[in-house]
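Have a look at the model first.

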Amino acid sequence: MIDKAELTRVIEEIAPPHLAAEWDNSGMQIEPAAGEIGSVLVALELTPDVVSEAKLGGYDLVIVHHPMFFGGGGAKPQNILQNDATGRYVWRLLAEPPAPVGVYAAHTTFDAAEGGLCDEMRRMIGLAPWADRLHPDILAEFAYIAPFSRTGRFSEATDLAGAVARVRSAFGTGADIRVSGNYSRNVLKVMTVCGGGGDAIPLAVRTGCSLLITGDIRHHEWRLAEAEGLALIDAGHYYTERTFATLFAQRLAAALGQAYANIVVDVSAEIRQPYASPAQSKAE
Ligand SMILES: [Zn+2]
């Protein structure tokens, strides 16, 4: 067992609170009832299946990437109601047998962290870090997204078609990927932003990138990139972040070390994309 304050300290060494975006709500969301924690489940986010898994497994704490309370600007929930999706999560987590389950969110705190999700996305695609760091003026102007962007280059000349192939194999996206730009044009400086990074288009253009790889691109963002001559790969919010649970669980187990080798740290078996293409649904 580990004291819950000590566990929080270990979690926050991996995902430091000072790295949180202003608009984020990382941190303890439901404090565990028990003073001592024996088991932790790591998931991408809460879903009804993840809550069931946490209950059935008798976990003390669930660590998620996406916060369960996320109103923007640090908004606090006004009420906990049965007819509200988040309210039902709270009721189930606290009231359903066998025991209450806590929730901690490591969102932008782990995105921005060294060796966190943003670094991991660049590594998975096979990009070497771009040597030049962002100018402080650009960092200040794009403070809302710059800490969550990474720049890099492929080790050999790669065109957009090659970059798409790399992204597909890195994230296992299959056909579930959207692309704009000239497939036969070489991509030199590449920006990556895990999750939804359409906001990074002006930053990618300003810093001379020829390709932005991210997820959740909206209609007008595709048009903006087209007008700016920036190639875009939308590899999906889910696909660019689903590695969170495995990565965080590994980091946590390593940080707990031998001293806490008896603490159970499990990766959720309920991590799936929230939709399926018609072909996929038919196959299942
Ligand atoms: Zn996300």
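What follows covers one helix pair, one sheet and the helices lying across that sheet.

This is a predicted model, where local features need pLDDT of at least 70, side-chain atom pairs count only at pLDDT 80 or more, and totals for chains, interfaces and linings use all residues. Residues are numbered from 1 along each chain as its sequence is written. Helices (H or I, at least four residues) and strands (E, at least two) are DSSP runs, numbered from the N terminus.

**The helix pair**
- Helix α1 (residues 4-14) and helix α11 (residues 244-256) have axes that come within 10 Å and cross at roughly 125°; axes are lines fitted to C-alpha atoms, for helices over the stretch in contact, and angles run from 0 to 180 degrees between N-to-C directions.
- On the α1 side, the contact uses Val10, Ile11, Glu13 and Ile14, and α11 brings Arg251, Leu252, Ala255 and Leu256 (contact means C-beta atoms, placed from the backbone, within 7 Å).

**The sheet**
- Six strands make an open sheet with mixed pairing, in the order β7-β8-β12-β13-β14-β10 (two strands pair if DSSP finds at least two bridges between them).
- At the edges are β7 (128-129) and β10 (178-180), each pairing on one side only.
- β10 and β14 (residues 231-234) run antiparallel, joined by three bridges, and Ser180 stands opposite Leu232 in β14.

**Helices across the sheet**
- Helix α5 (residues 117-125) lies across β7, β8 (150-153), β12 (190-196) and β13 (211-215), at about 125° to β12.
- Helix α9 (residues 219-228) lies across β10, β13 and β14, at about 30° to β10.

Conventions: Contact = placed C-beta atoms within 7 Å.
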